[in-house]
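Subject: Structure for your files

Hello,

Here is the structure I said I would pass on. My notes come after it.

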Amino acid sequence: MSLRDKVGIHFEPFTFEIEKGKIKEFAMAIGDANPCYQAGEALPPTFATVIEMWGGTDFIELAEKLELELPKVLHGEQEYEYLGKIKVGERVTGVTSVTNAISKENMDLIKLETHYKNEAGELVLISRNTVIERH
Amino acid sequence: MEVGQEFIPLTKEEITHTQLVRYAGASGDFNPIHTVVPFAEKAGLGGVIAHGMLIMGFVGKAIGTWFDVNRLQKFSVRFNSITRPGEKIIVIGSIIGDTNETWLCQTKALNEKGEVKITGSFEVRKN
């Protein structure tokens, strides 16, 4: 598969339930004792990575589908746009697609975007990331 | 709060191998370059490296000490360099601009030598 052919690839939609215990576990792994996470009143700003990795296409699967050599893959950029509140206990559905793929001097850059919707079908979060494959 | 304000830096404890294993489990990112030393060495990394997302998580923690995270609207980072177990991360940030509704902020995660790990920006609703 050529780099250009990767643009437009859509992965299967995935669903993940926002569990209070998972929020706590994730906050503790970061070492973030903010009481609002313990109480399930908010999600850590990077929590969507849990939704992606546990609920959707994890890194290893992603690398396989995009034909990337795992040892050469690095995370270049990450952006989150918070459009609505995600509540504890809610199920969110994500859809990931490849929005761009370019080659630079000694690396390929692949941009992925995931749109998350809540149970009411409202867009609540957009995640954009750039994956680097070193040559 | 006002434009130009610098936030109180967040200083994290030294990153350990155990923390990387724990973060792998919590986040679900089991890429072995973060947890399996022989794999990471074979990959030419000279040992395991921290998940970039863990360092972004530290920045997220800092934002949570500066603002109510429920008011966070946008959070973008670039991963500038890799981080290894044994390094200590410091997160700094400041307000660089605003609109009627939003504070526009920038942030960096550095190690003790001042090596930049992450440069980022974020936007927070004022009310």
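This is a predicted model: local features need pLDDT of at least 70, side-chain atom pairs count only at pLDDT 80 or more; totals for chains, interfaces and linings use all residues.

Chain A has an average pLDDT of 92, and 99% of its residues score at least 70. Among the elements of chain A, α2(A) has the highest mean pLDDT, at 96, while helix α5 (residues 59-65) has the lowest, at 79.

Helix α2 of chain A (residues 20-30) packs with helix α1 of chain B (residues 17-27); their axes are 9 Å apart and the angle is about 155°. An angle over 145 degrees counts as roughly antiparallel, so that is how α2(A) runs relative to α1(B). The crossing of these helices is left-handed. On the chain A side, Glu25(A), Phe26(A) and Ala29(A) make the contact; on the chain B side, Arg22(B), Tyr23(B), Ala26(B) and Ser27(B) do. By class, this contact of α2(A) with α1(B) has four nonpolar residues, two charged and one polar.

The loop residue is Gly86(B), which sits between β2 (72-79) and β3 (89-98) of chain B. Gly86(B) counts as exposed because it has 11 C-beta neighbours inside 10 Å, and the cut-off for exposed is 12 or fewer. Leaving aside residues up to four places away in sequence, Gly86(B) touches Glu14(B) and Ile15(B). Ile15(B) is 71 residues from Gly86(B) along the chain, yet their C-alpha atoms are separated by 5.3 Å.

Regards

Technical notes:
Residues are numbered from 1 along each chain as its sequence is written. Chains are lettered from A and ligands numbered from 1 in the order in which they are written. Axes are lines fitted to C-alpha atoms, for helices over the stretch in contact, and angles run from 0 to 180 degrees between N-to-C directions. Helices (H or I, at least four residues) and strands (E, at least two) are DSSP runs, numbered from the N terminus. Angles under 35 degrees count as roughly parallel, over 145 as roughly antiparallel, 65 to 115 as roughly perpendicular and the rest as oblique. A crossing is left-handed if the near helix is turned anticlockwise from the far one by less than a right angle, and right-handed if clockwise. Two residues are in contact if their C-beta atoms, placed from the backbone, lie within 7 Å. Ala, Val, Leu, Ile, Met, Phe, Trp, Tyr, Cys and Pro count as nonpolar, Asp, Glu, Lys and Arg as charged, and the others, Gly among them, as polar. A residue is buried if 20 or more other C-beta atoms lie within 10 Å of its own, exposed if 12 or fewer, and partly exposed in between; C-beta atoms are placed from the backbone. pLDDT is the predictor's confidence in each residue, from 0 to 100.
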